[in-house]
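Please walk through this model with the structure open beside the text. Follow each contact by eye as it comes up.

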Amino acid sequence: MQRIIDFILELDKLKGVTRKTRPLGLERYENSAEHSWQIAMLASSLAHHAGSPIDIHRVVGMLLVHDIGEIDTGDTLVYAEEGWEARKAAELAAVKRIFGMLPEQQGAAFLALWQEFEHGETPEARFAHAVDRAMPVLLNLANQGQSWRENGVSHERVVRRIAPPIKAGCPALWDYLEVRLEEARQKGWFGA
């Protein structure tokens, strides 16, 4: 029991990992725990739009564990274009440490979900990637491109980074976003 409690209390640190997008109507930036909860809800709400049949419970599990490594590494802006290999190696070390706090079988199951998400090869992982990439876009569209403007992120860079995973995991969501991203570009909501 104590190992599980220690693990859960370690996860509380995810609330302190600041991201680059503000929650709607708030001046502060969201944290990674809020992001994980919100995309789990987005996935549950969009499950019937997935590009392939999926096990939504597996998707939600992936989304709940996918950013746990950020406890040790911090968040990286999704539109960053360099340093991903080193970043992912650091996240793997972090999740191994954190999941290692649990009894072996439980820790291994969470690590397997994390790795499935990272590899992005199953229908569930592709759908999970789609909603993970979509949520910052949805927030930016709702707040006039706040993080795109603050971080100098261009329309082209957003599309290049998010279009492939969203198309692969939830084509209907990409159809929805593509039109809105073009409208945002015309309104000047992107950085240079």
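Predicted model: local features only at pLDDT ≥ 70, side-chain atom pairs only at ≥ 80, totals over all residues.

Ala130 sits in helix H7. Is Ala130 buried or exposed? Its relative accessibility is 0%, so Ala130 counts as buried; the cut-off for buried is under 20%. Set aside the neighbours within four places in sequence, and Ala130 is in contact with Pro165, Ile166, Gly169, Cys170 and Leu173. Look at Ile166 in particular. Along the chain, Ala130 and Ile166 are 36 residues apart. Their C-alpha atoms are separated by 4.0 Å.

That pair leads to a helix contact. Two packed helices are described by the angle between their axes and the distance between the axes. Helix H7 covers residues 123-142, and helix H9 covers residues 155-169. Their axes lie 7 Å apart, and the packing angle is about 140°. H7 is therefore oblique to H9, because angles over 145 degrees would be needed for roughly antiparallel. The crossing of these two helices is left-handed.

Which residues meet there? From H7 come Arg126, Phe127, His129, Ala130, Arg133, Ala134 and Val137. From H9 come Val158, Arg161, Ile162, Pro165, Ile166, Ala168 and Gly169. By type, the residues of the contact of H7 with H9 are nine nonpolar, two polar and three charged.

H7 has another partner to follow, helix H10, which spans residues 171-187. Here the axes come within 11 Å and cross at roughly 30°. H7 is therefore roughly parallel to H10, because angles under 35 degrees count that way. H7 passes H10 in a left-handed crossing. On the H7 side, the contact uses Ala130, Ala134, Val137, Leu138 and Leu141. On the H10 side, the residues are Leu173, Tyr176, Leu177, Arg180, Leu181 and Ala184. The contact of H7 with H10 divides into 10 nonpolar residues, no polar ones and one charged.

Now turn to the nonpolar core. The largest one holds 49 residues. Which members touch the most other members? They are Tyr79, Val137, Trp148, Val158 and Leu181. Several elements give two or more residues to this core: helix H2 (32-46), helix H3 (56-65), helix H5 (84-99), helix H6 (104-119), H7, H9 and H10. The largest share comes from H7, with 10 residues.

Take Val158 as one of those core members. Neighbours within four places in sequence aside, Val158 is in contact with Tyr79, Val137, Trp148, Val153, Ala163, Leu181 and Phe190. Tyr79, Val137, Trp148 and Leu181 in that list are also among the residues that touch the most other core members.

Arg157 is found in helix H9 too. Its relative accessibility is 18%, so Arg157 counts as buried. What does Arg157 touch, not counting residues up to four places away in sequence? The list is Tyr79, Ala80, Glu81 and Gly152. Tyr79 is also in contact with Val158.

End at helix H3, where Gly61 is found. With 16% relative accessibility, Gly61 counts as buried. Gly61 and Phe110 are 49 residues apart along the chain. Their C-alpha atoms are separated by 8.2 Å.

Technical notes. Residues numbered from 1 in each chain as written. Heavy atoms only, no water. Axes fitted to C-alpha atoms, helices over the stretch in contact; angles between N-to-C directions. Helix = DSSP H or I, 4+ residues; strand = E, 2+ residues; numbered from the N terminus. Parallel < 35°, antiparallel > 145°, perpendicular 65-115°, else oblique. Left-handed = near helix turned anticlockwise from the far one by under 90°. Contact = heavy atoms within 4.5 Å. Nonpolar A, V, L, I, M, F, W, Y, C, P; charged D, E, K, R; others polar. Buried < 20%, exposed > 50% of the residue type's maximum accessible area, 1.4 Å probe, protein only. Core = buried A, V, L, I, M, F, W, Y, C linked by side-chain atoms within 4.5 Å.
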